[in-house]
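These exercises go through one protein structure step by step. Each task is followed by a worked solution.

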Amino acid sequence: SGMALFAAALADPYLRSHGAWSSYPLCLLAALVVATWAVPQPGGRGLGLFSVLAVLFCCISWLNPLGEASYGHFLSLLGYKLKFLNVKPDDPALLPYEVRALWVPALHSATWQRTWTYFGPSLFLWLGALGIMGWRWARGKSSAPEKAAAAMGAAFAVLSVLFVRMEVFWIFFLVLGIALAAPRVPWARPAWTGILALLIFSQANVLGAQSHFLGRDVDYKALNDVVRWVRERTPEDAVVLASYSLSPSFAAYSGRGIVLQPKYETPAFRENIRQFERTLVSEEESEFYLLCERWGVGYYIHSKGFYADHSVNSFRYLVGLPQPSSKTNLTKFELNPRFLNRFRLLYQNDKYLVYRVVDPDDLRKSQFCLNMGRESISKGLPQRALRWCYRALVLNPGEDRARFLAVKSYSTMGDVSGARQEATRLFERMQVLKMQEPLVNSAR
């Protein structure tokens with residue numbers, strides 16, 4: 001099986017291009033396979049050969065820049081988990097960016113409550129099976145499958161304490177260990193069927209009572225609604241920008257192109273994710289807009305909670321900005337879309353907001369509407385001018401000259417309340433966006 005894994009890492013184009021064959025786990029596995037083949041009998045010679053080969057192969061892994069670039073950040077995460085005794089620090093500045101990006105719920109540490117919820121009584125049965133297999137191993141009676149099940153089960157049990165994602169591997173060797181060990185004890189054979197039935201019933205009872213722990217922390221109704229909206233309301237060739245964990249849903253169920261891929265081991269994809277996060281917390285809207293323009297993005301889907309969540313699993317923690325200012329793009333997208341210049345809100349539900357990225361064609365149409373509004377006000381038609389103003393703003397939310405013209409139109413109509421309302425909005429934008437006086441003068 002070890003040789004099959006190593007061969008797969010060389011044969012699969014994706015794994016080969018990322019240097020999976022030179023990752024530390026596979027190097028250790030290769031050392032174990034070679035040592036076992038060269039010295040079949042257990043003993044000091046075999047252990048010594050394995051140790052020498054393990055050091056040699058790990059040095060090759062360390063020297064291979066491809067494998068380090070693709071998988072080195074996982075070792076960094078392990079190092080920081082050990083440094084902070086497996087407890088994620090409250091201060092994000094204590095962790096480098098790539099460690100913060102990886103220390104997510106799927107790679108959190110297991111707790112006794114979680115372990116009991118998912119494993120229940122089977123945990124005690126496995127510990128008993130592990131004792132039986134260890135006892136047989138010490139007496140030289142254990143078979144190769146028993147040794148493999150015991151060793152791999154123990155290894156993944158330890159790893160799952162550090163990374164809960166490893167539970168999916170641990171459960172396989174847990175079941176295998178129980179199945180191999182119980183029939184080896186003569187007195188346990190008659191009761192085996194009853195024990196297994198009781199275990200299944202008990203485990204089902206535990207999972208039934210704790211079903212709220214299962215699944216992802218996702219509002220699937222809101223996700224289905226926004227995916228359906230994108231599928232029905234956007235062009236088929238549209239490119240969508242969303243967080244890398246959300247993007248696959250739009251690629252799979254709306255058929256739209258995406259930018260951020262969930263393959264975090266690819267350095268180029270990691271860099272795209274980092275650029276997205278950096279520009280999202282920037283105070284310059286132009287940075288985020290230029291990034292969207294460079295990637296050909298037509299629509300941006302913002303996840304609510306990026307700003308509101310203060311936990312160690314939040315977006316704020318990830319970017320190392322516990323208290324973002326009100327001027328950041330993050331704040332504007334989530335709380336103050338009226339202060340955006342090049343993004344217009346089209347749809348929102350309880351969890352997501354969809355923004356249209358203003359493109360050059362929108363700008364041209366907005367300018368045409370503004371010109372028509374100016375022409376209408378010059379002809380003494382303020383109501384028509386007002387309609388053109390709002391059309392311009394729908395196409396380009398940042399067209400403040402249309403807002404100024406709307407104030408003038410309301411004043412011409414004698415609608416003091418409307419003029420005051422639009423003037424207040426314009427003033428608020430000027431305060432937040434720090435608009436320059438020449439731009440206001442150009443609207444007069």
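**Exercise 1. Find the bridge partner of Q348, then describe the strand pair it belongs to.**

Step 1. Q348 has L353 in β5 as its bridge partner. The model is predicted, so local features need pLDDT of at least 70 and side-chain atom pairs count only at pLDDT 80 or more, while totals for chains, interfaces and linings use all residues. Residues are numbered from 1 along each chain as its sequence is written, and side-chain values use heavy atoms, with hydrogens and water left out.

Step 2. Strand β4 (residues 343-348) pairs with strand β5 (residues 352-357) in the antiparallel sense, over five bridges. Strands pair if DSSP finds at least two bridges between them. Strands (E, at least two residues) and helices (H or I, at least four) are DSSP runs, numbered from the N terminus.

Step 3. The link from β4 to β5 is a hairpin of three residues.

**Exercise 2. Describe how helix α19 packs against helix α20.**

Step 1. The axes of α19 (residues 382-395) and α20 (residues 400-413) come within 9 Å and cross at roughly 160 degrees. Axes are lines fitted to C-alpha atoms, for helices over the stretch in contact, and angles run from 0 to 180 degrees between N-to-C directions.

Step 2. That crossing angle makes α19 roughly antiparallel to α20 (an angle over 145 degrees).

Step 3. The contact (heavy atoms within 4.5 Å) includes L386 and Y390 of α19 and L405 and Y410 of α20. Its residues divide into twelve nonpolar, three polar and one charged. Ala, Val, Leu, Ile, Met, Phe, Trp, Tyr, Cys and Pro count as nonpolar, Asp, Glu, Lys and Arg as charged, and the others, Gly among them, as polar.

**Exercise 3. State how many helices and strands the protein has, and what share of its residues is buried.**

Step 1. The protein has 22 helices and five strands.

Step 2. Of its 444 residues, 42% count as buried (under 20% relative accessible area, 1.4 Å probe, protein chains only).

How values were computed
Angles under 35 degrees count as roughly parallel, over 145 as roughly antiparallel, 65 to 115 as roughly perpendicular and the rest as oblique. Buried means under 20% relative accessible area, exposed over 50%, partly exposed in between (1.4 Å probe, protein chains only).
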